Amino acid sequence: MTEPLLVDRTDAVVTLTLNRPDAMNALDVALKEALRDTLAELETDRSCRAVVLAGTGGSFSAGQDLREHVTTLESSGADPLATVRAHYNPIAARLANLPKPVVAAVHGMAAGAGASLAFLADFRIGGPKTSFLMAFARVGLAADTGASWSLPRLVGHAKAVELLMLAEPVRAEEAHRLGLLTRLVDDDEQVLPTAQELAARLAAGPTVAYGAIKRQLSVGDAGTLSEALAAEAQAQSICGATADHRAATFAFVNKEKATFQGR
């Protein structure tokens, strides 16, 4: 049986590849459970210092597997959207709160929950064939997988309303202009290598500080100034006690290149 999620480790970078190419990497229960549980393991895996999220074939992910969803809809007594609490919510929380950088290699289409996954990454790399589609309203649904949280932070409230309600595709150049893509490369075949190269660069950096930056931005985005200041104080207390901070400070003073160990 083909594994729905491929896990590849190269030095300190872990690449998670959605592996249902015949279904445009649509998210069925097996794939959602594998992604949810693997992200939980990576939270405390100190050998992993950066994560790449990718898809096999010509798509990143088409979102929820609607063929599987039809079966759920036809099951009497079943909550048709129980998967939101069981799968999508934990995946979104773990992806957004992962205390290490996440880079999405968005090759081809990212639709619905697939797009939502990409928006939760810290960086998104795309190519000429990359496109996003907030497809939820097309099937009479609201957003999930954190899109109501991540999308306004990327494009602003008004644009988020437009993308979610009109549910029209956003092509690569427009996605880059809006901030849905961090970087747009010229060749689709370079999307994954570019994402992995960026992840390797991040993995060699002060990953404790990166995790702290993610936490304090989640507070600063929506909190008050006093909450942001408290989060900054906490983050600096954590980072200031690391060997990385001490070694990098001395390296700077001595005009040497800093080497970070992630601790």
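A cavity is a set of grid points where a 1.4 Å probe fits but cannot get out. In this predicted model, the structure holds one cavity of 30 Å³ or more. The largest cavity contains about 40 Å³ of space. Its lining is formed by F119, F132, L133, M134, L151, L163, E168, V170 and L180.

Two of these lining residues, F119 and F132, also face each other as rings. The model has one aromatic pair. F119 and F132 make up this pair, with ring centres 5.2 Å apart and planes at 40°, a tilted arrangement. F119 belongs to helix α4 (residues 113-119) and F132 to strand β7 (residues 131-133), so the pair ties together parts that are 13 residues apart in sequence. F119 is buried, because its relative accessible area of 4% falls under the 20% limit. F132 is also under that limit, at 2% relative accessibility, and therefore counts as buried.

The nonpolar interior was examined next. In soluble globular proteins, nonpolar side chains tend to be buried together. The largest nonpolar core of the model comprises 43 residues. L16, L35, F132 and L180 have the most contacts inside this core. Beyond its neighbours up to four places away in sequence, L35 touches L5, L16, L18, L53, I91 and L117. Another core, of 15 residues, lies apart from the largest one. Its members include V52, L198, A199 and L202.

A charged residue, R124, is likewise found in the interior. R124 sits in strand β6 (residues 123-126). Its relative accessibility is 4%, so R124 counts as buried. The side chain of R124 reaches the backbone oxygen of A121 at 2.8 Å. Leaving aside residues up to four places away in sequence, R124 touches A104, V106, A118, F119, L154, G179, L180, L181, T182 and R183. R124 and L181 are separated by 57 residues in sequence, yet their C-alpha atoms are 5.0 Å apart in space.

The largest pocket was then considered. About 530 Å³ of space lies in this pocket. It is lined by 23 residues, of which L120, A121, D122, K214 and L217 are the closest to its centre. A121 is also the residue whose backbone oxygen is reached by the side chain of R124. Helix α3 (82-97), strand β6, helix α5 (147-155) and helix α9 (207-220) each supply at least two lining residues. Helix α9 gives the most, with seven residues.

Most residues other than glycine have a negative phi. N25 has a positive phi, near 55°. This residue is found in the loop between β2 (13-18) and α1 (29-43). At 0% relative accessibility, N25 counts as buried. A167 also has a positive phi, near 50°. Its position is in the loop between α6 (157-166) and β8 (170-171). A167 is buried as well, with a relative accessible area of 3%.

Technical notes:
Residues numbered from 1 in each chain as written. Predicted model: local features only at pLDDT ≥ 70, side-chain atom pairs only at ≥ 80, totals over all residues. Heavy atoms only, no water. Helix = DSSP H or I, 4+ residues; strand = E, 2+ residues; numbered from the N terminus. Buried < 20%, exposed > 50% of the residue type's maximum accessible area, 1.4 Å probe, protein only. Contact = heavy atoms within 4.5 Å. Polar contact = N/O pair within 3.5 Å; in protein donor to acceptor, adjacent residues only side chain to side chain. Phe/Tyr/Trp six-rings, centres within 6.5 Å; stacked < 30°, edge-to-face > 60°. Core = buried A, V, L, I, M, F, W, Y, C linked by side-chain atoms within 4.5 Å. 1 Å grid on protein atoms, 1.4 Å probe; cavity = no way out; pocket = protein on both sides within 12 Å on 5 of 7 lines; lining within 4 Å. Points joined across faces, edges and corners; volume = space filled by probe spheres on them.
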